[in-house]
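This report describes selected features of one protein model. It covers salt bridges, a helix, a loop and a surface patch.

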Amino acid sequence: MLQTALYFSHTLLQEILQPGDHVVDATMGNGHDTVFLAEHIGKTGHVYSFDIQQQAIDATREKLEQHQLEERVSLFLQGHETLGEVIAEQQDLKAGIFNLGYLPKSDKAIITMPETTRTAMEEILKRLVPRGRLILIVYYGHEGGEKELDMVDSFCSKLPQETYNVLNYRFINQKNQPPILYCIEKKREKKRKT
């Protein structure tokens, strides 16, 4: 069976994550990605996890405590567009993940926004190491969702191929607007001939 966008996002991250890596969960939500990342970066790695809703912080903290992973994670009750203020520019990041849309089982009027998402994407890419990956899972079946999808698609399409590989993964024959996955992978720097 083909993997769903959500499941495939974890496959793409699992391929590259190592103990000691620093990573970002830009949309904490209910904490599933934060826990997944914390499990894969080991005791010496670190997860920076962002959300603007206290409900997300509480749910994520509870999951981290259940798995005894809270030491590996910093939770921020603030928008992902502020990650440039929190994470030093010289801090290497191996990966970042976004689930764009709204927090399941919560206020559907609180959604991610194209402008703040773009800022966060730019900040992560500044810090992304070669072979690092930035994953975006775009849920767009809500009001405002199409606008954010357009921004992500345009942003990803314009990234220079000399520096990045960009994958788009989507199901095209399904009802109810299934999420679309984008994976931006930073290429290895080519060695100059001397």
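Helices (H or I, at least four residues) and strands (E, at least two) are DSSP runs, numbered from the N terminus. The structure is a predicted model, in which local features need pLDDT of at least 70 and side-chain atom pairs count only at pLDDT 80 or more, while totals for chains, interfaces and linings use all residues. Residues are numbered from 1 along each chain as its sequence is written, and side-chain values use heavy atoms, with hydrogens and water left out.

Asn176 lies in the loop between strand E6 (164-169) and strand E7 (180-186). Gln177 is also placed in the loop between E6 and E7. Neither is a glycine, yet phi is positive at Asn176, about 65°, and at Gln177, about 45°. Most residues other than glycine have a negative phi. A residue is called buried under 20% relative accessible area, exposed over 50% and partly exposed in between (1.4 Å probe, protein chains only). Asn176 is exposed because its relative accessibility is 73%, whereas Gln177, at 37%, is partly exposed.

Salt bridges come next. The term stands for a side-chain nitrogen of Lys or Arg within 4 Å of a carboxyl oxygen of Asp or Glu. The whole structure has seven salt bridges, including these:

| Pair | Closest N to O distance |
|---|---|
| Lys94 and Asp21 | 3.3 Å |
| Glu185 and Arg133 | 3.0 Å |

Glu185 lies in strand E7 and Arg133 in strand E5, so their pair ties together parts that are 52 residues apart in sequence. Glu15, Arg133 and Glu185 are linked in a network of salt bridges.

Helix H5 (residues 114-127) has 14 residues and reaches 20 Å from its first C-alpha to its last. This is close to the 20 Å expected at 1.5 Å a residue, the expected span being 1.5 Å times one less than the number of residues. Among the buried residues of H5 are Ala120, Met121, Ile124 and Leu125.

Glu65 is found in helix H3 (residues 54-66) and is partly exposed, with a relative accessible area of 44%.
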